[in-house]
Amino acid sequence: MTDLVIAALCLFAVWTGWRVFRVDSMVRASFSLMLSFVAVGAVGVVLSAPYIGIATIFMMAVEMMVMAIFMVMFMMNPAGLNPMVMVHQHRVAAVAGGLAFAGLAAAVLAADPPAARVATGTDTVAALGHELLGPSMLIFETAGVTLLATMVGAVILSSRRGRFGPADDGSRPPGLEPGGPPAGRQPEGGGGHHHHH
């Protein structure tokens with residue numbers, strides 16, 4: 001049963017990773033990549049490496065969500081959802097991906113698995129946590145606060161309603177031609193304090 005679960009998670013991770021290059025928007029690509037990393041983290045949990053698995057899921061989920069939020073905020077393509085080509089230099093990318101896969105697969109198959117057994121009762125999770133995060137705990141905590149502030153700021157910046165009223169109050173988009181009518185969406189109420197005569 002464990003082998004079937006791992007095989008299913010691996011296939012799902014590969015499929016969602018492939019979907020990153022097949023979908024037609026940056027937001028969908030971000031969520032596809034997030035699902036691929038979640039599947040990889042779940043493999044770690046099944047293989048009795050819960051610390052690595054859960055850390056992978058949490059870190060990649062937050063990273064992909066931040067990426068998707070910024071795509072919605074700043075892309076000229078509205079919300080990053082309109083169709084667009086996600087792959088460039090197709091042949092070079094295909095060759096590089098094939099070589100990387102072959103190299104990683106060869107390394108996995110040629111490597112010898114560890115022979116030393118862990119003593120019964122050893123707190124492996126705590127030991128691994130100290131090994132990975134002991135010297136870098138302040139960095140990780142700072143990065144967590146920074147990511148939280150980024151997500152809050154992204155939501156605030158993408159909101160039309162600001163602290164002191166509508167963000168577009170008193171503004172008018174420039175015309176496509178000098179003296180021509182304003183282009184794009186106009187603020188409600190005739191453009192605030194500046195009216196076109």
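## Reading pockets, helices and surfaces

User: How many residues line the second largest pocket, and which of them lie nearest its centre?

Analyst: The second largest pocket has 15 lining residues, and nearest its centre are Ala 55, Phe 58, Met 59, Phe 140 and Leu 147. Please keep in mind that this is a predicted model: local features need pLDDT of at least 70 and side-chain atom pairs 80 or more, while totals for chains, interfaces and linings use all residues. Residues are numbered from 1 along each chain as its sequence is written, and side-chain values use heavy atoms, with hydrogens and water left out.

User: What counts as a pocket?

Analyst: Rolling a probe the size of a water molecule over the atoms shows where empty space is left. A pocket is an open set of points, on a 1 Å grid over the protein atoms alone, where a 1.4 Å probe fits with protein on both sides within 12 Å along at least five of seven lines; lining residues have an atom within 4 Å of a point. The second largest pocket holds about 430 Å³ of space.

User: Which helices supply at least two residues each to the lining of the second largest pocket?

Analyst: Those are helix H3 (50–74), helix H5 (124–133) and helix H6 (137–157). Helices are DSSP runs (H or I, at least four residues), as are strands (E, at least two), numbered from the N terminus. H3 has the largest share of this lining, with eight residues. By type, the lining of the second largest pocket has 13 nonpolar residues, one polar and one charged.

User: How much space lies in the largest pocket?

Analyst: The largest pocket holds about 1,000 Å³. It is lined by 25 residues, and closest to its centre are Val 14, Gly 97, Ala 100, Phe 101 and Leu 104. H1, helix H2 (26–46) and helix H4 (90–110) each give two or more residues to this lining, and H4 gives the most, with 10. The lining of the largest pocket divides into 19 nonpolar residues, five polar and one charged.

User: In what order do the elements run from the N terminus?

Analyst: They run α-α-α-α-α-α-β-β, which gives six helices and two strands in the protein chain.

User: What percentage of the residues count as buried?

Analyst: Of the 197 residues, 20% count as buried. Buried means under 20% relative accessible area, exposed over 50%, and partly exposed in between (1.4 Å probe, protein chains only). Ala 68, in helix H3, is buried because its relative accessible area is 5%. The C-alpha atoms of Ala 68 and Phe 31 are separated by 7.7 Å, although these residues are 37 apart along the chain. Cys 10, in helix H1, is partly exposed because its relative accessible area is 35%. Its C-alpha atom and that of Ala 39, 29 residues away along the chain, are separated by 7.0 Å.

User: Which residues make the nonpolar surface patch?

Analyst: Met 1, Leu 4, Val 5 and Val 46 make this patch of about 400 Å². Met 1 is in the segment before helix H1 (2–19) and counts as exposed because its relative accessibility is 76%. Patches are made of residues with over 30% relative accessible area and no salt bridge, with like charges joined within 9 Å and nonpolar side chains (Val, Leu, Ile, Met, Phe, Trp, Tyr) within 5 Å. A salt bridge is a side-chain nitrogen of Lys or Arg within 4 Å of a carboxyl oxygen of Asp or Glu.

Definitions and conventions: Areas by Shrake-Rupley, 256 points an atom, 1.4 Å probe, with all protein chains shown as cover. Points joined across faces, edges and corners; volume = space filled by probe spheres on them. Nonpolar A, V, L, I, M, F, W, Y, C, P; charged D, E, K, R; others polar.
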